[in-house]
Each structure stands twice: as C-alpha cells, then as structure tokens.
Amino acid sequence: MRIRLSNKLSLFVIALVFSCVAMAQEPQFSQYMFNRMSYNPGYAGSSGSICAALMYRNQWLGLHLDAPNANAKAGSTPQDVLFTFDMPVKFLHGGLGLNVVKDMIGYHDNISASLDYAFRMFWGEGNLSAGAAVSLMSSKLDKESLTPEDPNDPVLSALGESATLIDAGVGIYYQVPGKYYVGVSVKNLLGAHSDEIMFTNARTAYAMGGFEYVPSSAPSVRIKPSALLKTDNLSYFQADLTCLIDYRNAFWGGLGYRVQDAVYALAGIHWKKLQVGVSYDFTTSRLGAYKFGRSKGSIELYMKFCFKVVVPRKPNTSYGNTIMLE
C-alpha cells in the first residue's frame with residue numbers, strides 16, 4: 001500500500017534534498033563485514049586472493065515521496081551500487097584495491113571511484129597494514145526536478161548541475177586470519193567542497209572489528225560477531241552490531257541491529273570460489289511500516305568471487321656434481 005503523506009513527507013523530501021546538498025554522507029550497507037575495503041583502505045589485499053565483489057542496496061522500499069509542488073518531481077530514496085576489486089601485490093609489500101560507488105539519493109546522482117594501497121607487515125600473530133586512498137567523485141544535481149513555487153528562488157537559481165571532487169582517505173587494519181580483525185579509518189579526509197552545487201563531502205570516521213568463535217561441541221560451526229561504528233564530522237553517530245553463524249564455510253545466517261534505524265536479517269552461501277548473500281532491513285525509525293505505514297524496509301544483495309594465482313617455481317637449470325673422486 002502506498003500512502004501519500006503530502007504535508008509531512010513533502011517536508012521530509014525537502015529536508016532530504018538540502019541535507020544532501022549541504023553535506024554528503026557515505027552510503028550504508030548491512031553486509032558491511034563483506035565489503036571492509038569500502039570503509040578502510042588498509043584492508044586491500046588482506047585476504048591473500050584476487051577478489052571482485054558487487055553489492056546493491058535499495059533503501060526504504062515502498063516509501064512514496066510526494067514532490068514539493070505539482071510542477072516538480074519527487075526525489076529518489078537511497079539506492080546504492082558498489083563494486084570492489086582488490087589483490088595482494090608482493091613487490092609492493094601489500095595490496096591494491098579499487099572501489100566504485102553509484103549513489104542516488106534525493107535529487108543527487110553521485111559516482112565515485114577510489115584507488116587504495118595498503119602496506120602490510122607481519123606483527124605478532126597476524127599482520128598489520130596502513131592504507132591510503134585517493135578518490136574522484138562526480139556529482140550531478142537534477143535541477144530540473146527542483147521546480148520551486150517561486151521561479152525566482154535565489155537559492156535554487158544559484159545552484160549548478162554538476163561538479164567533480166577529489167578527496168582522500170587513510171586507514172589502519174590488523175587481522176589474525178581465522179580469529180579476529182580490527183580497523184580504524186577516515187574517509188573524505190579533505191572534506192572536498194563545491195560551491196557550484198553547494199555540495200560537501202562529510203569527513204567520516206569508522207571503527208570496525210569482529211572475531212570468530214568455534215564451539216568445542218560443534219567444530220563445524222563458526223560464530224562471527226562484528227561491529228561497525230561511524231561518525232560524520234563528530235556530529236552524527238551510527239552503530240551496527242551483527243552476529244553471523246557459519247556452517248562448514250558453506251552457508252551462513254544471522255541478525256543485526258543498527259541503532260535507532262533498523263533490525264536486519266542476513267543469509268548467504270559459499271560455493272567454491274563464489275559467495276552470494278542477501279539482507280533485509282526492518283525499519284525501526286519513524287519511517288518504519290510498523291509505526292506509520294511508510295517504509296517496508298530495505299533490501300541488499302551481495303556477490304563476491306575470489307581466486308588465487310599460483311606461479312609454479314622454475315625448475316633448477318644447474319645441478320651440483322655428485323661424483324666423488326678418490
């Protein structure tokens with residue numbers, strides 16, 4: 001059922017649009033534990049395999065947005081597509097990675113790409129890496145859809161339609177494979193800004209971690225709790241808490257909670273070199289269906305393919321003389 005909330009929801013749309021214009025926030029994903037490199041460049045190459053992943057998120061399904069007036073179009077609820085690729089590079093003593101994100105929200109359509117490098121060294125039981133990223137973003141504003149009641153509105157008339165921003169990020173990541181991982185990072189370190197479309201990249205800090213526990217009574221089962229903490233310019237905070245149960249490294253399921261936003265369920269399978277996962281958010285905020293009949297939740301799809309390239313050793317081209325002389 002699509003509910004038209006012309007007054008309250010139109011105000012929500014307007015607030016959404018101008019919050020996007022003023023300060024661009026990073027996309028959120030419920031399956032964050034499977035795309036750690038998009039949060040922390042220090043992760044690049046840490047799996048020891050060549051990996052490519054694709055993730056799609058459609059947020060607030062069924063939410064009908066009314067336009068501010070009869071001559072305008074309604075903005076888009078958040079929709080995100082993420083592609084990542086990373087690999088270890090031995091002669092660089094670490095790994096390289098690529099993140100490409102298409103983010104649609106309100107009247108903005110953003111595409112960004114970042115190139116990541118991580119320097120890795122053995123430390124204690126595991127390995128420690130320090131990473132850096134350089135990103136390029138193209139942001140487009142659908143200005144034609146922003147038809148104001150006042151054609152001479154000075155704010156909208158001054159807006160441009162597109163801008164290109166360059167930014168950077170850094171991160172530290174530590175892991176003991178098969179046991180635990182922790183990482184801290186900052187994205188949009190430069191806080192790139194465009195006066196033309198009144199668009200600013202929010203400096204976003206992340207802290208993530210997770211561990212694996214194998215019950216002695218069920219060695220085929222791995223319990224995997226994880227957490228992701230996020231803050232934008234120390235003015236907005238968000239926390240995800242998740243627990244997955246993995247069986248024989250073949251399939252998994254679990255539950256997660258995003259504070260003051262959603263409860264979500266996750267499930268997936270691992271077949272040979274391919275992983276496929278899905279998650280569904282049950283909105284618990286004021287937009288949730290159970291309180292106001294608005295959002296029916298959010299859905300997210302995930303796919304990842306990993307493989308290793310094994311270079312055979314060259315055969316010996318010379319041999320020692322084994323003849324013994326008397």
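A disulfide is taken here as a pair of cysteine sulfur atoms within 2.5 Å. By this criterion, a search of the whole structure finds 1 disulfide. The structure is a predicted model, in which local features need pLDDT of at least 70 and side-chain atom pairs count only at pLDDT 80 or more, while totals for chains, interfaces and linings use all residues. Residues are numbered from 1 along each chain as its sequence is written, and side-chain values use heavy atoms, with hydrogens and water left out.

The disulfide is formed by cysteine 51 and cysteine 306, whose sulfur atoms are 2.1 Å apart. The link is right-handed, with 115° about the S-S bond. Cysteine 51 belongs to strand β1 (residues 50-58) and cysteine 306 to strand β16 (residues 298-307), so the bond ties together parts that are 255 residues apart in sequence. Strands (E, at least two residues) and helices (H or I, at least four) are DSSP runs, numbered from the N terminus. Burial is classed by relative accessible area: buried means under 20%, exposed over 50%, and partly exposed in between (1.4 Å probe, protein chains only). Cysteine 51 counts as buried because its relative accessibility is 2%. Cysteine 243, by its relative accessible area of 33%, is partly exposed.

A salt bridge is a side-chain nitrogen of Lys or Arg within 4 Å of a carboxyl oxygen of Asp or Glu. The N to O distance between glutamate 300 and arginine 57 is 2.8 Å. Both side chains belong to buried residues, glutamate 300 at 0% relative accessibility and arginine 57 at 1%. In total, the structure holds 9 salt bridges. Side chains of opposite charge can pair when their charged atoms come close.

A further salt bridge joins lysine 102 and aspartate 109, with the closest N and O atoms 2.9 Å apart. Lysine 102 is partly exposed at 29% relative accessibility, and aspartate 109 is likewise partly exposed at 27%. Lysine 224 and aspartate 246 meet in another salt bridge, at 3.8 Å from N to O. Lysine 224 is in strand β11 (residues 221-232) and aspartate 246 in strand β12 (residues 236-247), so this pair connects parts that are 22 residues apart in sequence. Lysine 224 is partly exposed, at 23% relative accessible area, whereas aspartate 246 is buried, at 6%. Salt bridges that share partners also join Arg57, Asp240, Arg258, Asp261, Asp281 and Glu300 into one network.

A nonpolar core is a set of buried Ala, Val, Leu, Ile, Met, Phe, Trp, Tyr and Cys residues joined through side-chain atoms within 4.5 Å. The largest such core has 23 residues, of which Tyr32, Met33, Phe34, Tyr39, Leu228 and Leu244 touch the most other members. Two or more residues of this core come from each of β1, β10 (204-211) and β14 (262-271). A second, separate core of 6 residues includes Met137, Leu165, Ala192 and Ile197. Contact means heavy atoms within 4.5 Å. Apart from neighbours within four places in sequence, leucine 228 is in contact with Tyr32, Tyr39, Tyr206, Ala207, Met208, Gln238, Ala239 and Asp240.

Phenylalanine 211 is located in strand β10 and is partly exposed, at 43% relative accessibility. Its contacts, again leaving aside neighbours within four places in sequence, are Lys179, Tyr180, Ile223, Lys224 and Pro225. The C-alpha atoms of phenylalanine 211 and proline 177, which are 34 residues apart along the chain, are separated by 9.5 Å.

Leucine 98, in strand β3 (residues 94-106), is partly exposed at 32% relative accessibility.

Histidine 93, a residue other than glycine, has a positive phi near 55°. Histidine 93 is placed in the loop between β2 (76-89) and β3 and is exposed, at 51% relative accessible area. Phi of asparagine 249 is likewise positive, near 55°. Asparagine 249 occupies the loop between β12 and β13 (251-258) and is partly exposed, at 47%.
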